[in-house]
Amino acid sequence: MSLTKDDVRKIAFLARIRVPDERLEPLAGELNNIVGWVEQLGEVNTDGVAPMTSVVETETPMREDVVTDGGVQDKVLANAPDGEGAFYGVPKVVE
Amino acid sequence: MTHLIQGETGDWEVVIGLEVHAQAITKSKLFSGAPTTFGAGPNENVSLVDAAMPGMLPVINEMAIEQAVRTGLGLRAAINKYSVFERKNYFYADLPQGYQISQYQHPVVGEGTVTLDLADGSTRDVGIERLHLEQDAGKSIHDQDPKRSMIDLNRAGVVLMEIVSKPDIRSPEEAGAYLRKLRAILRYLGTCDGNMEEGSMRADVNVSVRPKGADELRTRVEVKNVNSVRFVMQAIEVEAERQVGVWEDGGEVVQETRLFDPNKGETRAMRTKEFAHDYRYFPDPDLLPVRFDDDFIERIKATLPELPDEKKNRFINDMGLSAYDAGVLVADRETATYFEEAADGRDAKTVANWLTTNLFGALNKLGKDIGESPVSAGHLGELVGLIKDETISTKIAKDVFEEMLKTSKAPGDIVEEKGLKQITDTGAIEAIVDQVIADNPDQAADVRGGNDKAIGWFVGQVMKASQGKANPGQVNGLLRSKLLG
């Protein structure tokens with residue numbers, strides 16, 4: 001698998017990371033190195049081995065269905081730069 | 001019941017699949033302890049987890065899993081004891097995480113069945129593809145400010161069950177029947193309140209068309225977020241017509257997402273967002289796979305109520321109702337409960353009749369639902385009892401029923417107070433009959449002269465003279481023996 005400059009542009013857009021054009025080519029090279037390194041794992045025969053989901057063999061912790069949170073409007077909105085009343089304000093999204 | 005669209009080149013069939021988002025009834029959210037109550041002030045029901053503050057970790061609400069399994073059992077579906085939460089990545093202002101935690105390759109519930117009750121009393125099965133759990137997003141409000149959208153995250157993280165049907169639905173009517181049945185099942189189970197106005201049940205509709213008799217599945221279009229049964233039916237109607245037009249004009253339907261505009265009665269393409277469907281799913285590293293055992297399933301199974309289909313069969317087989325009446329009565333849990341209470345120890349068919357015609361009609365006029373009925377179930381049953389034991393005639397019963405609607409009194413008390421008890425004493429009826437015959441010698445002669453039909457007029461006069469209280473059968477018999485015998 002090899003990433004092109006266009007792939008990197010697309011990934012950057014999807015991740016909302018601004019990447020100047022001149023950085024795309026070098027980034028593609030770096031990412032290809034990483035992907036190539038990870039792809040070495042494909043050399044190991046994993047037939048019949050279930051995918052590992054966690055490094056710790058443990059059950060999913062679950063919560064009881066009780067209200068223990070919320071009502072912290074001030075904290076939730078503390079970092080909102082463009083709020084209005086108790087809302088977050090964001091650039092207009094129209095559909 | 002086939003629904004065909006007549007095009008210029010021939011008949012077309014519609015293929016429909018529905019994705020229903022049902023809000024699961026839980027006190028707290030899927031991954032946080034914030035409340036799920038409707039109508040709270042903006043951003044009041046939000047925890048730092050829901051707002052996706054850095055470092056916050058999701059922890060699964062056990063009740064969400066339980067509700068999903070309970071719903072799966074109600075849909076006669078396969079329950080997966082192993083399921084995985086994944087991240088569905090997309091960028092939108094009301095999704096603070098930048099991804100929705102959902103299930104993709106390993107949903108908690110697999111294939112099942114919903115049986116539709118159609119208008120003609122017949123049934124039809126629609127397959128369920130899967131049910132998976134996911135977080136709801138927040139709400140964007142666009143009309144408060146010319147330059148900005150306002151975001152309320154109260155809904156963000158609320159538990160949704162996405163229920164995906166197979167493309168088994170063939171008409172707008174079947175889509176309506178599917179939604180109503182699904183809603184009934186969810187309400188019986190107590191896993192979703194089914195309230196479409198408050199948004200606790202929303203539907204995405206997948207529509208495609210194909211020439212009648214074809215087996216192929218053509219390109220489908222997804223109509224998003226249709227929020228009432230009526231709109232779903234209308235959206236299918238207009239979208240299918242549009243697609244037939246496209247194909248017949250030599251064009252090609254493109255796979256896209258459209259919105260239904262109920263005011264204009266049309267669907268239109270959503271502004272296509274570039275890369276909108278590149279969700280890059282991957283297992284959420286913050287959450288381990290969900291595992292539970294057979295005991296967990298059995299424990300839930302033991303608490304399942306009698307579901308609409310089982311109830312319907314019992315109403316037909318044990319209580320002698322028609323498939324149609326049974327279908328109407330079980331469509332809504334409150335109605336079914338009311339009926340069973342009213343029919344307890346009474347003639348079930350008569351109770352069903354009074355309920356579906358008289359009471360439904362009256363409630364409709366009053367704009368009330370069955371939970372607010374001024375006539376209690378016990379009283380309706382008592383009324384039917386009074387008819388059956390001939391205390392009152394069916395005609396008088398209608399007057400008593402009107403009085404019950406107005407006063408909520410027991411029918412027995414009304415009959416007593418107003419002296420409406422049916423006269424079955426032959427002597428008393430005979431006296432009235434004799435009087436009426438004596439007062440109307442010309443008409444009597446007419447009947448005696450061979451005009452049988454005029455006897456009906458006499459029955460009417462006697463009933464009137466008795467203020468409707470005489471037993472009509474007895475009146476008829478006495479008149480016949482006196483005038484014709």
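The contact between the two chains takes 38 residues from chain A and 41 residues from chain B. Two residues are in contact if their C-beta atoms, placed from the backbone, lie within 7 Å. This is a predicted model: local features need pLDDT of at least 70, side-chain atom pairs count only at pLDDT 80 or more, and totals for chains, interfaces and linings use all residues. Residues are numbered from 1 along each chain as its sequence is written, and chains are lettered from A and ligands numbered from 1 in the order in which they are written.

Look at the side of chain A that touches chain B. Helix H1 (5–14), strand S1 (62–63), helix H3 (73–77) and strand S2 (88–91) of chain A each give two or more residues to that side. Helices (H or I, at least four residues) and strands (E, at least two) are DSSP runs, numbered from the N terminus. By class, this side of chain A has 16 nonpolar, ten polar and twelve charged residues. Ala, Val, Leu, Ile, Met, Phe, Trp, Tyr, Cys and Pro count as nonpolar; Asp, Glu, Lys and Arg count as charged; the others, Gly among them, count as polar.

Four bridges join S2(A) to strand S10 (residues 148–152) of chain B, and the two run antiparallel. Strands pair if DSSP finds at least two bridges between them. A:Gly89 has B:Met150 as its bridge partner in S10(B).

Another pairing lies within chain B. Strand S14 (residues 257–261) and strand S15 (residues 266–269) of chain B run antiparallel, joined by four bridges. B:Leu259 is partnered by B:Arg268 of S15(B). The hairpin has four residues between the strands, and B:Gly265 takes a positive phi near 65° there.

Now take chain B as a whole. Its domain assignment gives domain 1 (4–300), domain 2 (306–418) and domain 3 (426–483). Such bounds come from an automatic or database domain assignment. The centres of domain 2 and domain 3 of chain B, taken over C-alpha atoms, are separated by 33 Å. Four residues from each of these two domains make their contact.

Finish with helix H14 (residues 455–465) and helix H15 (residues 472–483) of chain B. Their contact includes B:Phe458 of H14(B) and B:Leu479 of H15(B). Its residues divide into nine nonpolar, one polar and one charged.
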